Amino acid sequence: MTDDFSNKANTGSKQSILSSEGLPSEITSGILISGNGGRLEVSKRERSRIAVFQNGYVVVTPESRWSSEVKAILDRAGRAEIAIHEIMEADSKSILAIYERNSRNNNETASKLSGIERQRELRRIIADAARMNASDIHFYVFPSFSEIKVRIHGRLRRLSIHSTEEGKAIINAAFAVATDQGSETGSTSFLKGALTRVSGLLPPGVDLVRLQYSPTTGHCASLVMRIKYSNSKGEHDLKELGFLAKQVSDIGLMRKRTSGLYLLAGKVSSGKTTTLQRILNTMVREKNHEISIYSIEEPVELDINGAIHVGVYPKPHQTRSEAFIEAIKATLRSDPNVVVLGELRDRELAGYAIELALTGHALWTTVHAGSALGILDRLSDLGIEHWKLTEPSVVRGLIFQRLLGVLCPNCKIGLPQGCDEGRITDFLLKEITDLLDSHPGKIFIRGSGCGSCLHGLIGRTVVAETILPDLNLLQHYASNNRVQMREYWLSPVEKGGCGGKPILHNALIKVGKGICDINEVEEEIDLIQSYKSEYPYHASILAREWRNH
Ligand SMILES: [Zn+2]
């Protein structure tokens, strides 16, 4: 960050070096926000009377100091939360010179940061983010500055601030070396692409960086870069990701089957790719490398031992979906055992996926859904007929997951302290303590951070729901008996149900064990209140369950 962006300014103007406009240079070297495209852009006429800087300095002509025009601009600054530090007077020639110099500087910055220099900067940003184990990098370009943030353990934090021109230049540098460029929506302003090892921009340990650029409203453009790390050796264990023992065994059963449709759902950045990768790598190992796995995705994110990647290359006048279908057809000719499809994104693809499962192949893919049972609704939305969904050999595995922060053992704080500091309500303290039948001092929330963590977190853990759908469950679904389907899934096995455990229950187990923050569970999953009313049976066994895990 340069001083240009700080609000600190030397008020002892006596020692100041005067700029060509006769004004102290620490004022005029600040960022001009009343210029073209600035936060407080003023009209051309007003530019001969007033200049406003980000650091709170204002320069006006003596004759317009008390004019309604200037007053209106200062009011506007107040509304934009720009604190006015000092108002100085100068003649209109000097003020116009400020604007001229500003536009000259902008052009210079743009040309200075050319080619190689921009790429060097980009490589440094990616390396910094990778060192911090960030999952993605966000670039925001505003009219008066640009900002780079990184997502670490699910939370965004600022990495650096640049000028608007630099921000744009860095984004352009990324797309200059990106592969797989295309605009999915048909509009060229939404750009997608990927940085591969060939770009020379990736540090060791990073295999791919996926780019998604969107011009947003309000004069702010954004680029999100998702970082895909290399698959380290021995990262096979689902337990290590946070899956509970029952879930690991459910997924183990899914993995053993050689046909059927297996679907993973979750938000963006919920760790689906990592889960899928571990499941399939374990499968390859268990089957002694004797199965053929074909993965169809673009860009490649999954790193599966021995899998054959089928490229998706849309021809001119061909949609992405048509290109995917062509890739699936090509794959089927190779007689695969297992097919992995990046995402079931539309009706056509969903139709082919079902055909694959109906013809005795195993297909693993991801969909957008809000719960494990919700995946069935998503398949209906994608146009899959109910009779196909109720065929028990088709939909054989449903997984829904979220990621929650893992509390730092060194700085996490107990609920009584959290309550004193106003970070948790008395009400929630009592509710969760009763539910877990635990001592409030043994239930924790995030601390403010220490030397061994980041903002009180040391990593992330999966909380999930897994379902092995059986005929009964699917029939309830087909006859539109949602309530019965849900009841059947949630009822304990000894009462003839599936013994399903909702994600909220599984998250609360981790709260009981001091791994997760109750506040984050309420924020990310659901409120304790709904848990008690919607899952009375689970609420009644929670105290026993978390102690057994
Ligand atoms: Zn800590």
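**From values to terms**

Biologist: Why does Asn133 count as exposed?

Modeller: In this predicted model, Asn133 has a relative accessibility of 52%. Exposed requires a value over 50%, so Asn133 counts as exposed. Asn133 belongs to the loop that joins helix 4 (115-131) to strand 4 (136-141).

Biologist: What is the phi of Asn133?

Modeller: The phi of Asn133 is near 60°, which is positive although the residue is not glycine.

Biologist: What makes Asn480 exposed?

Modeller: The relative accessible area of Asn480 is 51%. The cut-off is over 50%, and therefore Asn480 is exposed.

Biologist: How do you know whether Leu40 is buried or exposed?

Modeller: Leu40 has 1% relative accessibility. Buried means under 20%, so Leu40 counts as buried. Leu40 lies in the loop between helix 1 (25-28) and strand 1 (50-52). Leaving aside residues up to four places away in sequence, Leu40 touches Ile33, Ser34, Val52, Ile73, Arg76, Ala77 and Ile82.

Biologist: Why is the arrangement around the zinc ion called tetrahedral?

Modeller: The four donor atoms subtend angles of 103 to 117° around the zinc ion. Four donors count as tetrahedral if all angles lie between 85 and 135 degrees, and therefore the arrangement is tetrahedral.

Biologist: Which protein atoms are the donors of the zinc ion?

Modeller: The donors are the SG atoms of Cys408, Cys411, Cys450 and Cys453, at 2.3 Å from the zinc ion. Along the chain, the donors follow the spacing C-x2-C-x38-C-x2-C. Both Cys408 and Cys411 are buried.

Biologist: How do you know that Arg131 and Asp128 meet in a salt bridge?

Modeller: The N to O distance between their side chains is 2.4 Å. The rule asks for a side-chain nitrogen of Lys or Arg within 4 Å of a carboxyl oxygen of Asp or Glu, so the pair of Arg131 and Asp128 qualifies. These two residues are three residues apart in helix 4, which means that about one helical turn separates them. By this rule, the count comes to 23 salt bridges.

Biologist: Are Arg131 and Asp128 buried or exposed, and why?

Modeller: Arg131, at 64% relative accessibility, counts as exposed because the value is over 50%. Asp128, with a relative accessible area of 18%, is buried because the value is under 20%.

Biologist: What makes the contact of Arg255 with Glu286 a salt bridge?

Modeller: Their closest N and O atoms are 2.8 Å apart, and the limit is within 4 Å. The pair links distant parts of the chain, with Arg255 in helix 7 (residues 245-256) and Glu286 in helix 8 (residues 272-286), 31 residues apart. Arg255 is buried, with a relative accessible area of 9%. Glu286 has 43% relative accessibility and counts as partly exposed because the value lies between the cut-offs of 20% and 50%.

Conventions: Residues numbered from 1 in each chain as written. Predicted model: local features only at pLDDT ≥ 70, side-chain atom pairs only at ≥ 80, totals over all residues. Heavy atoms only, no water. Donors = N, O, S within 2.8 Å, 3.2 Å for Na, K, Ca; no water. Tetrahedral: all angles 85-135°; square planar, octahedral: opposite > 155°, others 65-115°. Buried < 20%, exposed > 50% of the residue type's maximum accessible area, 1.4 Å probe, protein only. Helix = DSSP H or I, 4+ residues; strand = E, 2+ residues; numbered from the N terminus. Contact = heavy atoms within 4.5 Å.
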